[in-house]
Amino acid sequence: MDNYEELLTKHRKEKKELQGKIQALKKTATKGDKKKKKEVSDIITKLEMELDMKHSQELSSFSSDTPDDTSKLNESVNHLSLSDNEDILDEVPGLKQHRISKAQKRREKKALQVKERELRIFEQEAENVYGARTIELETIKNILKERGLMIYEIPSDGNCLYCAIDHQLKMCHGSGLGVTELRLKTSTVLRENSNEYLPFLSHPDTGEMLTQSQFYDYCDQVAHTTAWGGQVELRALSVALKCCVEVIQSEGPSMIVGEEYLKDGASKLILTYHRRMYSLGEHYNSVQPFCQDEEEKVE
């Protein structure tokens, strides 16, 4: 009896502490800031689920030792609900029957697994809200906003550099060349200037500089596959198109490639570079004029 009362007292205390945390979190959401309000709501839901699951596990463990004590379990119903709309009867094993059947145990185990999965999802969402990827993205968005620009999202399929350049050509010149043509032009510049580009390329397995034969194989991959393009390909693209490209990033100043082509009022192509946007690796996006409605859609 004493142990059970201590458990209930502990649960009530933890619930009260949680309510205090929730009130503090709610105060951090500025009125009218829908994005922040959603973030806070998600975190609150995660915290409630964590405590709810913890209490359910502790009650389940206790009830398995004293399955006939339904009066104690009834008391838990009055004290442990975290939400007025939540039916905690389904979360207190043994409440409606003295002995828990194997089928009931299986159902409870499955329900617990579902809760754990939902909790992992909320934890991942909370990590995304405050993680490095989000910080990087928000930093780039703020830099662009100051210049009257916003991100134009490019699919992450290996062609992001070429798709972003093509989008910029359409934005600045009214028409693009397409990914296939841009890849061919890049490959041609690389192949015809091997002495300039070869020193900057290394074998992914050995880390050693590519041989001449390996370099030509690399050029073929640039032209005919969806191999990801980086700074080397960006420089070759700048030469092929005879244009300047600015790459905005979250850390440090923008990278300018082909500045020698900025003359006679020539326009500059602008990309954004993301180190942490996707789990598969680095990524390039394009930009477009800032529009509040479009920004909200992206968020």
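This is a predicted model: local features need pLDDT of at least 70, side-chain atom pairs count only at pLDDT 80 or more; totals for chains, interfaces and linings use all residues.
**Close-up 1. Helix 5 from end to end, and the residue Gly148.** Helix 5 covers residues 132-146. Its 15 residues, at 1.5 Å a residue, should span 21 Å; the end C-alpha atoms are 22 Å apart, which agrees. Just after helix 5, Gly148 adopts a positive phi of about 75°.

**Close-up 2. The largest nonpolar core.** This core has 29 residues. Leu161, Ile165, Leu190, Leu234, Val245 and Leu271 have the most contacts inside it. At least two core residues come from each of helix 6 (160-173), helix 7 (179-192), helix 9 (212-224), helix 10 (231-241), strand 2 (244-248) and strand 4 (268-278). Helix 6 gives the largest share, 6 residues. In soluble globular proteins, nonpolar side chains tend to be buried together.

**Close-up 3. Val245 and its contacts.** Neighbours within four places in sequence are left aside. Val245 is then in contact with Ile165, Leu234, Met255, Ile256, Val257, Leu269 and Leu271. A second, separate core has 8 residues, among them Ile140, Ile151, Ile270 and Val287.

**Close-up 4. His283 in strand 5.** Strand 5 runs over residues 281-289 and contains His283. His283 counts as buried because its relative accessibility is 0%. A polar atom of the His283 side chain lies 3.0 Å from the backbone oxygen of Ile154.

Technical notes: Residues are numbered from 1 along each chain as its sequence is written. Side-chain values use heavy atoms; hydrogens and water are left out. Helices (H or I, at least four residues) and strands (E, at least two) are DSSP runs, numbered from the N terminus. Buried means under 20% relative accessible area, exposed over 50%, partly exposed in between (1.4 Å probe, protein chains only). A polar contact is a pair of N or O atoms within 3.5 Å; within protein, one must be able to donate a hydrogen and the other to accept it, and residues adjacent in sequence count only if both atoms are side-chain atoms. The expected span of a helix is 1.5 Å times one less than its number of residues. A nonpolar core is a set of buried Ala, Val, Leu, Ile, Met, Phe, Trp, Tyr and Cys residues joined through side-chain atoms within 4.5 Å. Contact means heavy atoms within 4.5 Å.
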